[in-house]
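I am opening my notebook on a new structure. I will go through it one topic at a time.

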Amino acid sequence: MENSPTLESLQAALDAQQAVFEMHQAMNVEVFYWWCTAIMLMIHAGFLAYEMGASRSKNALAAGIKNILAIALIIPAFYLFGWWIYNAFPTGFVPIEAAAALPWSTSMGPDVQDMGTGIFWAAFALFGATTGSILSGAVIERIRVSAFLILTIFLGGVVWIMAGAWGWHPDGWLLTKFGYHDVGASGVVHAIAGFFTLGVLMNLGARKGKFIDGVPQIISPHSLPMTLIGLMMIIFGFFGFLGGCIIFNGGETGWTTIYGTPTNLSAFAFNTLMGFAGGIIGCYIATRDPFWTMSGGLVGIISVAAGLDIYSPSLAFIIAVCTGLVAVQFAKFLEKRGIDDAVGAVSVHGFTGFVAVVLVGVFAGGTPNAEGMPAISFVGQFVGAVVMGLMGFVPGYGLSFLLKKANSLRVPEACEDIGIDEVELLAKPYPEGSVPAMTAMTTSDVPNKLANSEA
Amino acid sequence: MGSSITTWENVGAYFTFADNPFALVLFTIGTAAIIVGLIVSIIRHENAAFDKIK
């Protein structure tokens with residue numbers, strides 16, 4: 001009986017097993033967000049293809065290079081100040097103590113004891129890069145690369161994450177005072193970026209030839225197929241994006257929303273796919289246009305993303321179809337007012353994100369939040385949506401206005417005529433090919449129509 | 001020269017210069033300077049390119 005286990009030895013074995021379990025749980029958390037971040041990069045591959053395809057061939061590489069540089073600059077910008085802003089400003093414009101998130105803190109680097117900060121920072125940095133890409137498509141073919149990069153650093157490194165601190169942080173004032181609910185970032189990423197883009201477009205002006213006597217003309221893309229494939233790549237990347245929006249908890253808690261309420265990936269799966277399908281159908285019915293049909297997939301997902309955890313899938317589908325129908329009308333409304341949004345980003349991201357946040361209040365009002373927080377309400381969601389809209393629009397308009405006044409926002413007219421690739425990049429996308437730069441201009445009922453058409 | 005640890009026992013932050021706040025601030029300034037420098041260089045390149053087509 002000498003080798004019989006004692007109570008102490010059994011406890012030691014149990015403790016050892018518990019330590020192994022906890023370590024593997026922490027590693028699983030890291031693995032999950034690692035792959036979410038990797039999949040999110042597909043969003044940027046998609047935007048790259050989508051924007052290059054949407055440009056005329058003379059501007060295709062310029063559209064691409066600004067997209068690539070945007071990611072390269074937003075990531076270090078988010079390291080320098082983005083993560084600190086998220087942790088320092090949940091209560092408004094006055095910072096709270098968040099020294100651990102400063103770039104010279106020992107928390108902001110490899111640490112044996114910290115298996116969370118780096119992986120969450122990475123996911124948030126990629127959310128920020130997504131806001132930059134949303135701006136990028138709308139302003140193609142006439143913005144200076146330098147101006148775009150200044151704007152995108154401001155949007156991806158400062159503006160959206162300030163709103164993220166208000167609407168996503170556990171102590172964010174929109175949550176603690178209004179019960180704000182936006183699990184899939186319809187407001188804190190899409191509405192912010194979309195309305196920031198609107199502010200920029202108002203100062204940037206339309207592409208030369210877009211409006212003749214005030215009538216919007218079709219400026220055809222040089223590769224509509226590349227644009228459609230790019231959009232589908234963005235949809236793929238959205239699964240990383242939305243995965244990054246859910247919280248993988250250790251212990252017995254399991255999955256929760258970023259607000260600490262219970263959910264799971266099954267809930268996200270139901271409504272992401274139903275929203276995706278509904279958006280495509282809505283935009284197809286509204287336009288019969290290939291570009292808008294594929295953009296409808298984005299509209300659909302964004303329209304239900306705020307309430308991804310709580311909608312019934314059929315309701316999500318109906319919301320997405322209806323938002324798809326209306327988003328096209330909003331794009332048409334903007335175009336008639338002289339806004340040249342080359343890819344419909346304001347409508348797809350800004351308008352849809354705004355509507356998505358409000359609709360959570362309409363359909364899910366009364367749903368409880370985590371203990372101590374107000375329940376979801378229409379008023380809370382509406383206030384949140386307005387804050388997101390203003391938080392995007394005002395900085396976007398203000399900074400682009402300053403750049404315009406400094407004559408640093410837009411390329412010269414001669415450069416627009418020749419093409420930015422040849423003037424600034426000294427490169428041609430298809431040096432041996434023959435790609436028509438532009439078909440003859442015509443008019444269309446489809447806003448921001450990208451489909452090739454015969455004169 | 002930058003190692004912040006001499007053993008793997010009871011290690012927390014172990015990256016280079018983690019024990020040297022001055023160096024970390026310096027690297028932060030360097031990172032910011034590269035971003036600003038890149039933007040400035042792009043502006044200069046654009047101005048030169050646009051001047052050629054005037």
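**Salt bridges, packing and surface**

I looked up A:Asp417 and found it partly exposed, with a relative accessible area of 42%. I note that this is a predicted model. A:Asp417 forms a salt bridge with A:Lys208, and the closest N and O atoms are 2.9 Å apart. This pair links distant parts of the chain: A:Asp417 sits in helix α13 of chain A, A:Lys208 in the loop between α6 and β1, 209 residues apart. A:Lys208 is also partly exposed, at 35%.

I then checked the total and got 11 salt bridges over all chains. A:Arg56 pairs with A:Glu141 in one of them, at 3.0 Å between the closest N and O atoms. A:Arg56 is in the loop between α1 and α2, and A:Glu141 is in the loop between α3 and α4, so the pair ties together parts 85 residues apart in sequence. Both A:Arg56 and A:Glu141 are buried.

Next came A:Arg142 and A:Asp340, whose side chains meet in a salt bridge at 3.8 Å, N to O. I found both A:Arg142 and A:Asp340 buried.

I turned to helix packing. Helices α9 and α10 of chain A pack at about 120 degrees, with axes 8 Å apart. That angle makes α9(A) oblique to α10(A). Their crossing is right-handed.

A nonpolar patch of about 730 Å² includes A:Trp34, A:Trp35 and A:Phe236. Which helix gives the most to the nonpolar patch? I found α1(A), with four residues. A:Trp35 is in helix α1 of chain A and counts as exposed at 52% relative accessibility.

Notes:
Residues numbered from 1 in each chain as written. Chains lettered and ligands numbered in written order. Predicted model: local features only at pLDDT ≥ 70, side-chain atom pairs only at ≥ 80, totals over all residues. Heavy atoms only, no water. Patch = residues over 30% accessible without salt bridge, like charges linked within 9 Å, V, L, I, M, F, W, Y side chains within 5 Å. Areas by Shrake-Rupley, 256 points an atom, 1.4 Å probe, with all protein chains shown as cover. Salt bridge = Lys/Arg side-chain N within 4 Å of Asp/Glu carboxyl O. Helix = DSSP H or I, 4+ residues; strand = E, 2+ residues; numbered from the N terminus. Buried < 20%, exposed > 50% of the residue type's maximum accessible area, 1.4 Å probe, protein only. Axes fitted to C-alpha atoms, helices over the stretch in contact; angles between N-to-C directions. Parallel < 35°, antiparallel > 145°, perpendicular 65-115°, else oblique. Left-handed = near helix turned anticlockwise from the far one by under 90°.
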